Amino acid sequence: MARKKNVTFNDIAQYTHFSKTTISRYFNNPDSLTPENQQIISDALDKLNYKENKVAKILANGQTEFVGVLIPSLSMNYYSEMLNQILASYKKYGYKFLVFAGNGHDETERRYIQELMSYKIEGLIVLSHTLSSRELSDLQIPVVTIEREDQFVCSVNTDNYLGAHEATSLLIHNHCDVLIHLNSPTKENVPAYRRRAGFQDACVKAGVPHEVIIRDFGLSYQEAAAPLQEIFDNIEQKYAGQKKGIFLSNDDHANILLNLLIRKYHTLPDDYELIGFDGAPISEQAIYPISTVGQQIDQIADEAVSLLVSQMQERKKRHPVPLAEPVHKTVPPLLIRRQTTT
DNA sequence: GAGTTAAAACGGAACTTGAG
DNA sequence: CTCAAGTTCCGTTTTAACTC
């Protein structure tokens, strides 16, 4: 079956008796044509049923309008929602996204990045923690990271310190006798590490007894359940008769702890207050909706893409001025008060 | 100087040529 | 017949230059 050949600028040019340069200018700089000629070309495009060819455009000007995204995994709601918001930015900025989900293995993620680079992505958004920002900064394209180590690249992060401080202050305000913070072992250069500092500073300032418990909770519900059970049993014993305010580093863990409480007491006891982090749907959908430090994912995604776009645009100028220093933006969290705090 | 154009350029695949 | 070198092709953008 003989396939009909695409209608090209050449066909339009022949049909209208203009050159293909003029057809190109109709698309890219229409005001440089007289309105009459614009109309002639516009009619011809309709008549011949022209369909734009972005591949040819990319071949000619080298600009793919592709942005790479490297995300850790989509099994956690925080990341899938972030990706959702990043993809939604197409409407505002017009960039298209090539997405890889990393697996924590550095060689694999390097290969993903090479693949993205070979498709001539104009910029890269990284949420995965696997590769250092030093390595990412060597890529020679604009890079923006979200909630990860970001020393040598631009980034957008939640104000983790502020969020933790507000959460802790709420527990203090609600007259908890002892404050407990549960977190995973986190490196100091990761933004989420600041949750610990926010908690501790708020406790020290108020002079309230407190404890930070660092434990590896793994990545899944199954892995987290056992250590949380153990910690719960300990807390029950150690702080019996006191009102306990517990600040957890994510909503999933807050939900697991809430389940343990309800299994034991068939209600949320008065001597417990819980607050999570992220503002994930689970916090809202839990049997008692959980108070949490909500990350403004839509705003973070928009800031990240916007920061990337401004750098990508800069590189297209005749005399680009690269950023002297990486830009680090911070988005404030929103404290969401629900039923696990009074 | 506004409106227009011819020809080169982009980067790799696929096809053609020529030598052995 | 094989293999490497050379050419063409895809459909746009870009540059420099032309005309009125």
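Two strands are said to pair if DSSP finds at least two bridges between them. By this rule strand 4 (residues 143-146) and strand 5 (residues 154-158) are joined by 3 bridges and run parallel. Helices (H or I, at least four residues) and strands (E, at least two) are DSSP runs, numbered from the N terminus.

The structure is a predicted model, in which local features need pLDDT of at least 70 and side-chain atom pairs count only at pLDDT 80 or more, whereas totals for chains, interfaces and linings use all residues. Residues are numbered from 1 along each chain as its sequence is written, and chains are lettered from A and ligands numbered from 1 in the order in which they are written.

## Domains

Chain A is divided into domain 1 (9-52), domain 2 (66-158 + 298-331) and domain 3 (160-295); these bounds come from an automatic or database domain assignment. Between the C-alpha centres of domain 1 and domain 2 the distance is 37 Å.

## The two sheets

Strands of a sheet pair through backbone hydrogen bonds, either parallel or antiparallel.

One open sheet has 6 strands in the order 2-1-3-4-5-11, with parallel pairing. Strand 2 (96-101) and strand 11 (328-331) stand at its edges with a single partner strand each, so one side of each has no neighbour in the sheet. From one strand to the next, the twist of this sheet averages 20 degrees.

I180 has I246 in strand 8 as its bridge partner.

## Helix packing

Axes are lines fitted to C-alpha atoms, for helices over the stretch in contact, and angles run from 0 to 180 degrees between N-to-C directions.

| Helix pair | Angle | Distance between axes |
|---|---|---|
| Helix 9 (residues 160-173) and helix 10 (residues 194-206) | about 40 degrees | 7 Å |
| Helix 5 (residues 77-88) and helix 14 (residues 297-316) | about 50 degrees | 8 Å |
| Helix 11 (residues 221-238) and helix 12 (residues 251-265) | about 55 degrees | 10 Å |

Angles under 35 degrees count as roughly parallel, over 145 as roughly antiparallel, 65 to 115 as roughly perpendicular and the rest as oblique. Helix 11 is therefore oblique to helix 12. Helix 9 and helix 10 are likewise oblique to each other, as are helix 5 and helix 14.

A crossing is left-handed if the near helix is turned anticlockwise from the far one by less than a right angle, and right-handed if clockwise. Helix 9 passes helix 10 in a right-handed crossing, helix 5 passes helix 14 in a right-handed crossing, and the crossing of helix 11 and helix 12 is right-handed.

## Surfaces near the DNA

A residue is near a strand if its C-beta atom, placed from the backbone, lies within 6 Å of it.

Around DNA strand B stand F18, S19, T21, T22, R25, S32, L33, T34, N37, L59, A60 and G62. Helix 2 and helix 4 are the elements that give two or more residues to this surface, and the largest share, 3 residues, comes from helix 2. By class, the surface near DNA strand B has 4 nonpolar, 7 polar and 1 charged residues. Ala, Val, Leu, Ile, Met, Phe, Trp, Tyr, Cys and Pro count as nonpolar, Asp, Glu, Lys and Arg as charged, and the others, Gly among them, as polar.

DNA strand C has 16 residues around it, of which F9, S24, N53, A56 and A60 come nearest. At least two residues of the surface near DNA strand C are supplied by each of helix 1 (9-16), helix 2 (20-28) and helix 4 (54-61). This surface has 5 nonpolar, 8 polar and 3 charged residues.
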